[in-house]
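Here is a short note for a first look at this structure. Please keep the 3D view open while reading.

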Number of protein chains: 2
Amino acid sequence: MNAQERVRHTLADIGARDGELRSFVAVHDEAGAARELQRASSSGGALQGLPVGVKDIFDTAALPTRYGSALYSGHQPRSDAAIVQAIRRAGGVVVGKTSTTEFAFLNPTDTRNPNAPGRTPGGSSAGSAASVAAGLVPLAVGTQTGGSVIRPASYCGVVGFKPTYGVLPTPGLKPFSWSLDTVGLFTRTVDEMAACASAIAGQDWSRPGGGGTPVFGIAWAYPWEPLSASGRKALEAAAAALRESGATVRDVHLPEWLGPVFQAHDAVQGWEASRALADEYEFHADALSPILRDYLTQARRVDDARYEAGLADAAAGRQNLSTLFDGIDVLLTPGAPDEPPQGYGSTGASTWNRAWTLLHVPCLNVPGLQGVNGLPMGVQVIAPIREEALCLRAGRVLQNALRQRG
Amino acid sequence: MNAQERVRHTLADIGARDGELRSFVAVHDEAGAARELQRASSSGGALQGLPVGVKDIFDTAALPTRYGSALYSGHQPRSDAAIVQAIRRAGGVVVGKTSTTEFAFLNPTDTRNPNAPGRTPGGSSAGSAASVAAGLVPLAVGTQTGGSVIRPASYCGVVGFKPTYGVLPTPGLKPFSWSLDTVGLFTRTVDEMAACASAIAGQDWSRPGGGGTPVFGIAWAYPWEPLSASGRKALEAAAAALRESGATVRDVHLPEWLGPVFQAHDAVQGWEASRALADEYEFHADALSPILRDYLTQARRVDDARYEAGLADAAAGRQNLSTLFDGIDVLLTPGAPDEPPQGYGSTGASTWNRAWTLLHVPCLNVPGLQGVNGLPMGVQVIAPIREEALCLRAGRVLQNALRQRG
């Protein structure tokens, strides 16, 4: 299948299968997709016409952009977000926009989870995770402010990658919390992720080896909440598979400063979100979901002192990252609190992601494990700031170990 | 004059005087301004209906937004930028949009300098500086990525204030370089600035006293270029006035790390701008000014290693800020290289501002001095991160000292 056929096939596949899945909210017609393909091909980029879904929290000049809110019905930005241009330069073809919760917060979309019927795909990057899980596109773009990439990846059983804050560009993203908003990606395998993320970032993160097998660390107690039965099961399975494959896995204790960093996320996000969405809150509160409206009402009460203290806690954590990675290369934790929650009333909680988002460290969800009910339960690989190559390399080791164990 | 009369007077004044000045690019009609006043009044904010100009790099839902580029002719955003909402909550009335250079880079606007006929008002916040200098509005909003607030304030002889990066919110600003883009303000006096900035930020930065008179530091050698004759004259006059008023002024040597921070600005801005404006550059290069197009062509060559090294240099500088403020409370430097350059072909250079922007420290341009040709030459007060109150307090001491000297 050449690139043109592949794009055409993707559009047909979305047309045939996405009515039920509801992972896309806008899709190019054939002419639009052909134009995108022409642009992507002329770039000569490594993705060679690969179809890509982009979360509808990013501006696109050729597709409407709603940010998951009725307030932006029919909104047509003038220019493409920076990440859209980066995909194009890498040779990717944006075929459509994927569903996002309202302004990438918590109000659920109607997207379904292809790997857990009757359960949420998570959020806020619901459509990106689900479209990749369903095989509609091999690559999709999301964002994470709390746990909006890693959590839906865990729930949908796909690879989710949140690189270091700022590594993938944010201009043209509807801001929620600018110190946290991070662009991330979804694929089916870690190898594909390494190749796609490298192409888009203009990096070489897929070189194998380079320093031998990473040493993995696992903590069994966390400052936010105890491990769920499914979380523990996934970590134990990951540790066993890694040890069988010959990798070193060490039990670690998390540093004291991690608790305050986790707590600080709330103040940082609240202070910034109440400013970023001031127009929508003050002039159009009735058009917001109750969950967002109530959140913004609360968020407004975060004072400057709490915000500045939160930023200071995060900065201190980044300074002390070496105490988190003492004796290990990467840390493993569950990607989400549990298996995906039943029903569609909630997108789940970002409890296991918030601290890492605020610390700006790269996180990679590796799928292939199940919780106590046999549903998807991901393990996230966490690496030091700017160690994307290490994070992906460790993720590949883990994925291979899990496959060999079968 | 009540608030309603004041707004009406402002609109009439702009209508009568701005044809020549060209500081505004869009102005509310009476009905639009009345609606803004109603919104501002209902907020009960401290600004009590004060008319405000907002740089046309910010989105406004009720006024067109061109970002200084023909590419965005007729562009009408759906929502107001966060700073516009913050002004409204503070009781300010946005009466219109002020001219900006193309995407807040270097291509000049046709705005005139009310205090230096035949010379540039500077940029990129040309209209904001000029409209305040001409007395059309008492308060205007700008942005600084290199020297786009402090430099035009110096050239136009007004107060310009760039608080710590991130203190005033950026959502709804067209990004150029997200690690540098900082929202700033223009007023006629430091007292007005302290009152207005406090109201908008929801802070109390105008409390007098609190720790006695600040100790001022002045360096006579800089890692970027020698002092011009006008720069030296302004610093000497400032030092003499301060000493006469009883303040302590110390000669200081700048720390070694400041040179690399100054150099790093180029890489940080280039790497980010080439991504932020990728759509415009790749699809509409013909519609860009030659100066921006050439810049983006060069900027694209900044590789990740240089970018990351630049960010690291800046972070290290922030860690070592105490060596910059050793024995002093604030530092004084010229606000611009010289008096405003002749003609309108250039907006001048940001040489004296770049390092401070990248360091994220608050900077305040204090007017009232002249260069060797009798034209405006500002002195900027630089304070440690988050020390807005100190910066403004020191600025007030300097302004009063200059006034007493006459």
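1. Terms first. A salt bridge here is a side-chain nitrogen of Lys or Arg within 4 Å of a carboxyl oxygen of Asp or Glu. The side chains of A:R39 and A:E36 meet that rule, at 3.7 Å from N to O.

2. Ground rules. This is a predicted model, in which local features need pLDDT of at least 70, side-chain atom pairs count only at pLDDT 80 or more, and totals for chains, interfaces and linings use all residues; side-chain values use heavy atoms, with hydrogens and water left out. Residues are numbered from 1 along each chain as its sequence is written, and chains are lettered from A and ligands numbered from 1 in the order in which they are written.

3. Chain A overall. Chain A has 14 helices and 11 strands. Helices (H or I, at least four residues) and strands (E, at least two) are DSSP runs, numbered from the N terminus. The radius of gyration of chain A is 20 Å, close to the 22 Å from the globule rule for 406 residues, so chain A is as compact as a globular protein of that length. That radius is taken over C-alpha atoms, and the globule rule is 2.2 Å times the number of residues to the power 0.38. The C-alpha trace of chain A spans about 55 × 50 × 40 Å along its principal axes.

4. How much of chain A is buried? Of its 406 residues, 63% are buried. Buried means under 20% relative accessible area, exposed over 50%, and partly exposed in between (1.4 Å probe, protein chains only). Contact means heavy atoms within 4.5 Å. Among contacts in chain A with a separation of 6 or more, 78% join residues 24 or more positions apart.

5. The interface. Chain B brings 39 residues to the contact and chain A brings 38 residues. The area buried between chain B and chain A is about 3,100 Å², and carbon and sulfur atoms give 48% of that area. Buried area is the accessible area (1.4 Å probe) that two parts lose on being put together, summed over both.

6. A:R89 and B:E282 meet in a salt bridge through their side chains (3.6 Å, N to O). On the chain B side, α3 (82–89), α8 (258–276), α9 (278–283) and α11 (304–319) each supply at least two residues.

7. Helix α3 of chain B. This helix is largely enclosed by the rest of the structure, because 7 of its 8 residues are buried. The buried residues include B:Q85 and B:R88. B:G91 follows α3(B) and has a positive phi, near 95 degrees.

8. A buried loop residue. B:T101 sits in the loop between β3 (93–98) and α4 (126–133) of chain B. B:T101 is buried, at a relative accessible area of 0%. A polar atom of its side chain lies 2.4 Å from the backbone oxygen of B:F105. Beyond its neighbours within four places in sequence, B:T101 contacts residues including B:Y67, B:N107 and B:T347.

9. Salt bridges within chains. The structure holds 28 salt bridges over all chains. Back to A:R39 and A:E36: both lie in helix α2 (residues 30–43) of chain A, 3 residues apart, about one turn. A:R39 is partly exposed at 27% relative accessible area, whereas A:E36 is buried at 2%.

10. B:D191 forms a salt bridge with B:R396, with the closest N and O atoms 2.6 Å apart. B:D191 lies in helix α6 (residues 190–201) and B:R396 in helix α14 (residues 388–405) of chain B, so the pair ties together parts 205 residues apart in sequence. B:D191 is partly exposed at 41% relative accessible area, and B:R396 is buried at 14%.

Terms used
Polar contact = N/O pair within 3.5 Å; in protein donor to acceptor, adjacent residues only side chain to side chain.
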